[in-house]
Amino acid sequence: MEIVPDLIEIGVDVLDSVQAQANDLTEMKHLYGNNLFFMGGVDTQHALSQGSPEEVVADVKRCIRCLGPGGGYILGPDNLIPIPERNYRAYLAAGEQFGRYPLSV
């Protein structure tokens, strides 16, 4: 998070990939949400790779709640790693269900 102001200063528009294990998503949105779009945030270390579909849905909702208000959020995983198909489908369905404005999470 320390370098985010420098990224904004050099003209970065989208911070990809936002990682919840490394950053406080709510704080990032509060501090930099007027200057940056955020992409990512959905946990690949546990929820997408090892969790249940219900855990994936909960994590998608958490990301949308933290980063979605007011716009500027692109739902996505926090890393690109292989994940079980059932979790990929749960991630897509949760994005469709909860990721439309006005937000319902």
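Q: What does Met39 stand opposite in S3?
A: Met39 stands opposite Ile74 in S3. Keep in mind that this is a predicted model.

Q: And how do S2 and S3 pair?
A: In the parallel sense, over five bridges. Strand S3 covers residues 73-77.

Q: How many bridges link S1 and S2?
A: Four, and the pairing is parallel. S2 spans residues 37-42. Phe37 in S2 has Val14 opposite.

Q: How does the chain get from S1 to S2?
A: Through H2. The β-α-β crossover is right-handed.

Q: Stay with H2. Which of its residues are buried?
A: Leu25, Met28, Lys29 and Tyr32 are buried in H2.

Q: How are they placed around the axis?
A: They cover an arc of only 100°, so they sit on the same side of H2.

Q: What covers them?
A: The cover for the buried residues of H2 includes helix H1 (4-9) and helix H4 (53-67). Strands S1 and S2 are also among the covering elements.

Q: Buried or exposed?
A: Asn23 is buried, because its relative accessibility is 17% and the cut-off for buried is under 20%.

Q: What is Asn23 in contact with, leaving aside neighbours within four places in sequence?
A: Met1 and Met28. Met28 is also one of the buried residues of H2.

Q: Switching to H1. What about Asp6?
A: Asp6 is in helix H1. Its relative accessibility is 47%, so Asp6 counts as partly exposed.

Q: How far is Asp6 from Val42?
A: Their C-alpha atoms are separated by 24 Å. Along the chain, Asp6 and Val42 are 36 residues apart.

Q: Rings next. How many aromatic pairs are there?
A: The count comes to one aromatic pair. The rings are those of Tyr88 and Tyr91, with centres 6.1 Å apart.

Q: What is the angle of the planes, and what does that make the pair?
A: The planes of Tyr88 and Tyr91 are at 35°, so the pair is tilted.

Q: Where do Tyr88 and Tyr91 sit in the fold?
A: Both are in helix H5 (residues 85-98). Tyr88 and Tyr91 are three residues apart, so about one helical turn separates them.

Q: How accessible are Tyr88 and Tyr91?
A: Tyr88 is partly exposed, with a relative accessible area of 41%. Tyr91 is buried, with a relative accessible area of 10%.

Q: What sits over the ring of Phe98?
A: The charged end of Lys61. The charged end lies 4.7 Å from the centre of the Phe98 ring.

Q: Last topic, backbone. Which residues does a cis peptide bond join, with omega about 15°?
A: Asp16 and Ser17. Ser17 lies in strand S1. Asp16 is the residue whose bridge partner in S2 is Met39.

Q: And which does a cis peptide bond join with omega about 0°?
A: Tyr101 and Pro102. Pro102 is in the segment after H5.

Conventions. Residues are numbered from 1 along each chain as its sequence is written. This is a predicted model: local features need pLDDT of at least 70, side-chain atom pairs count only at pLDDT 80 or more; totals for chains, interfaces and linings use all residues. Side-chain values use heavy atoms; hydrogens and water are left out. Buried means under 20% relative accessible area, exposed over 50%, partly exposed in between (1.4 Å probe, protein chains only). Contact means heavy atoms within 4.5 Å. Two strands pair if DSSP finds at least two bridges between them. Helices (H or I, at least four residues) and strands (E, at least two) are DSSP runs, numbered from the N terminus. A crossover is right-handed if, with the strands pointing away from the viewer, the path from the first strand over the helix to the second runs clockwise. Rings of Phe, Tyr and Trp (its six-membered ring) pair if their centres lie within 6.5 Å; planes under 30 degrees apart count as stacked, over 60 as edge-to-face and the rest as tilted. A charge sits over a ring if NZ of Lys or CZ of Arg is within 6 Å of the ring centre and within 35 degrees of the ring normal. The arc is that of the directions from the helix axis to the C-beta atoms.
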